[in-house]
Amino acid sequence: AAPHGRGGGVCALAVAPGGGAACTLSREEDAYRLWTKIDPSDENGTMWQCSYRVKTPSGFSNSLLSAAPASLGQRQLVRFSNDGSVLAVCYGAHVTLWDHSSATLLNDLALDQSDDGVRSVEFSTRSDDTLLVSTAGALGALSPFGGVKSCYLGGDEWTFDVAGMGATIAAVVPLGDFGTSPGGCFAVAANHDGTS
């Protein structure tokens with residue numbers, strides 16, 4: 001069975017820490033679905049049940065449809081927080097944050113200086129107080145709930161414009177914690193004039 005119905009492909013997938021929940025995003029259905037793992041009574045293996053479906057909010061409804069389908073598979077458009085309580089779903093240049101237990105929209109964020117579509121989003125600290133967001137031309141650290149002092153960011157958020165240097169971001173890879181850094185570390189690969 002297709003998770004988003006006949007003809008509704010999955011363009012992004014994230015599994016919650018612990019593996020008890022998953023989120024799928026569909027460009028064709030213009031919605032995301034939250035799935036909960038259920039234990040079957042027989043021995044047919046793991047089964048998943050759709051807990052809820054959330055239609056793309058009206059302000060973002062064309063963001064998935066305008067993206068080239070091939071490029072969506074190369075992006076990390078959905079991500080659970082490290083404690084599994086918050087779900088980040090990306091629509092174009094925006095990151096929406098949802099209470100995963102109630103499907104309530106909590107916040108909407110975007111990088112300064114960038115109208116590019118989000119390529120990846122990562123909750124970068126153990127306390128989930130920093131979002132690392134990348135587009136083709138920018139990388140930024142944001143406080144998910146704005147104005148809340150982050151242990152990693154303090155009171156500051158930042159955006160680094162690589163497009164202004166003639167480069168594009170090829171990949172952002174979280175490396176985990178390093179030494180005493182509470183925010184964790186990450187590596188960024190960028191292309192400049194077609195080279196990495």
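Reply: What follows starts from the whole protein, moves to the aromatic residues, and then turns to the sheet and the cores.

The model is a predicted one, and its protein has two helices and 14 strands. Among the contacts with a separation of 6 or more, 43% are between residues 24 or more positions apart.

A search of the whole structure finds two aromatic pairs. In one of them, the rings of Tyr32 and Tyr52 have centres 6.4 Å apart and planes at 75°, so this pair is edge-to-face, the angle being over the 60 degrees required. The pair links distant parts of the chain, since Tyr32 belongs to strand S3 (residues 31–38) and Tyr52 to strand S4 (residues 47–55), 20 residues apart. Tyr32 has a relative accessibility of 0% and therefore counts as buried, the limit being under 20%. Tyr52, with a relative accessible area of 16%, is buried by that criterion too.

Tyr32 also forms an edge-to-face aromatic pair with Trp98, at 5.5 Å centre to centre and with 65° between the planes. Because Tyr32 lies in strand S3 and Trp98 in strand S7 (residues 94–99), this pair ties together parts that are 66 residues apart in sequence. Trp98 is likewise buried, with a relative accessible area of 5%. Tyr32, Tyr52 and Trp98 thus form one aromatic cluster, with Tyr32 paired to Tyr52 and to Trp98.

Strands S3 and S4, which carry the two tyrosines, belong to an open sheet of four strands in the order S1-S2-S3-S4, with antiparallel pairing. Strand S1 (12–15) and S4 stand at the edges with a single partner strand each, so one side of each is left without a neighbour in the sheet. From one strand to the next, the twist averages 20°. Within this sheet, strand S2 (residues 21–26) pairs with S3 in the antiparallel sense over six bridges, and Ala22 stands opposite Trp35 in S3.

Tyr32 is also part of the largest nonpolar core, a set of 33 residues in which Leu25, Tyr32, Val95 and Leu131 have the most contacts. Strand S6 (residues 86–91) gives the most to this core, with six residues. In soluble globular proteins, nonpolar side chains tend to be buried together.

Leaving aside its neighbours within four places in sequence, Val95 is in contact with Ala88, Val89, Cys90, Asn107, Asp108, Leu109, Val118, Val121, Leu131 and Val133. Of these partners, Leu131 is itself among the residues with the most contacts inside the core.

A second, separate core has six residues, including Leu132, Val162, Ala167 and Ile169. Ile169 lies 8.0 Å from Leu139, C-alpha to C-alpha, although the two are 30 residues apart in sequence. Leu139 lies in strand S11 (residues 138–142) and is buried, with a relative accessible area of 7%.

Conventions: Residues are numbered from 1 along each chain as its sequence is written. This is a predicted model: local features need pLDDT of at least 70, side-chain atom pairs count only at pLDDT 80 or more; totals for chains, interfaces and linings use all residues. Side-chain values use heavy atoms; hydrogens and water are left out. A nonpolar core is a set of buried Ala, Val, Leu, Ile, Met, Phe, Trp, Tyr and Cys residues joined through side-chain atoms within 4.5 Å. Buried means under 20% relative accessible area, exposed over 50%, partly exposed in between (1.4 Å probe, protein chains only). Contact means heavy atoms within 4.5 Å. Rings of Phe, Tyr and Trp (its six-membered ring) pair if their centres lie within 6.5 Å; planes under 30 degrees apart count as stacked, over 60 as edge-to-face and the rest as tilted. Two strands pair if DSSP finds at least two bridges between them. Axes are lines fitted to C-alpha atoms, for helices over the stretch in contact, and angles run from 0 to 180 degrees between N-to-C directions.
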